[in-house]
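Hi there,

Here is the structure we talked about handing over. My notes on the pocket and the charged pairs follow below.

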Amino acid sequence: MTRRGLVLGGGGVAGVAWQTGLLTGLLEGGVDILEADVVVGTSAGATVAAQITSGTSLRELLNRQVDPALQAPELLPALDAEELLMLVLDAHDGATDALDVRRRIGAIALAAPTVTEAERRAVIEARLPSRSWPRSELKIVAVNAETGAERVFGPASGVDLVDAVAASCAVPGAFPPVTIDGRRYIDGGTRTSENADLAAGCDRILVLQVMPVPGNTDLNDQIAALRELGARVTVVLPDDAAASAIGPDLLDPAVRESAALAGHAQGLRFAPTAAIFWR
């Protein structure tokens, strides 16, 4: 039996909107992406993963992105996109390995002045139509701020779904690390932006990559490893229209409507190709 995996990458509130639109477009184009046996969500992708496995229709989720009256409230980050990028680059300077980079980023996150955990958690809770884990195989990725080790939350983890998503979305320097079981966790994208390797064991894997980073080969390496295991992997990035709608600041709530509509149009165009791949 063919096992299908859906990998939803990081990309801020703009990435949530674009991925929601794309998946809705695919469904309306005849590709039932909700048939995925495994869903991996990182950062923005964690939000989308929890939303689409909640039993809420994709059309309703899209409406929640494009209708201002239905949009969940969002908090502006403590730092802008350029400042956040500089923090990450500084963490790489002098680091001994990838784990050391994550620990350095975690230290920055722990020291950063941000809103409170409770304020941020309320935002994440408002995004989710359900606070219960689905029965499907859902993997939400976060990183321990002190050790740099990844943690993958799922239905059997015993962790509250809102807390798991909040941890995966805890952008270092922008929002507070999330406390779970006495430990502090930061954005799962600190490991890699997509964490596609966690879909290992699937025969068909669709990866949505919101923000390709020049020179970062993490996703390429993970795809190569998945293909060596026999998986067919397709990566979808925002097309020109979607990239323009998303703009340079992935954390800007003002772009949700335009990013979601551009994603929807892209999904409809991509559906015939996706249908061949997904079946």
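The largest pocket has a volume of about 1300 Å³. (A pocket is an open set of points on a 1 Å grid over the protein atoms alone, where a 1.4 Å probe fits, with protein on both sides within 12 Å along at least five of seven lines; lining residues have an atom within 4 Å of a point. The volume is the space filled by probe spheres set on the points, which are joined across faces, edges and corners.)

Please keep in mind that this is a predicted model, with local features needing pLDDT of at least 70 and side-chain atom pairs pLDDT 80 or more, while totals for chains, interfaces and linings use all residues. Residues are numbered from 1 along each chain as its sequence is written, and side-chain values use heavy atoms, without hydrogens and water.

Back to the pocket: 40 residues line it, and Leu-85, Val-88, Ser-193, Met-211 and Val-213 lie nearest its centre. Helix α4 (81–92), α5 (98–111) and α9 (240–246) each supply at least two lining residues, and α4 gives the most, with eight. (Helices are DSSP runs of H or I with at least four residues, strands are runs of E with at least two, and both are numbered from the N terminus.)

Leu-85 sits in α4 and counts as partly exposed because its relative accessibility is 48%. (Buried means under 20% relative accessible area, exposed over 50%, and partly exposed in between, with a 1.4 Å probe and protein chains only.)

Now for the charged pairs. The structure holds 16 salt bridges, each defined as a side-chain nitrogen of Lys or Arg within 4 Å of a carboxyl oxygen of Asp or Glu. One of them joins Glu-117 to Arg-184, with the closest N and O atoms 3.5 Å apart. That pair links distant parts of the chain, from helix α6 (residues 117–127) for Glu-117 to strand β6 (residues 183–187) for Arg-184, 67 residues apart. Glu-117 is partly exposed at 29%, and Arg-184 is partly exposed at 26%.

Asp-181 pairs with Arg-151 at 3.4 Å between the closest N and O atoms. Here Asp-181 lies in the loop between β5 (178–180) and β6, and Arg-151 in strand β4 (residues 150–153), 30 residues apart. Asp-181 is exposed, at 54%, whereas Arg-151 is partly exposed, at 22%.

Finally, Arg-131 and Glu-125 meet in a salt bridge of 3.6 Å, N to O. Both belong to a network of salt bridges that also includes Arg-121, Asp-160 and Asp-163.

Best wishes
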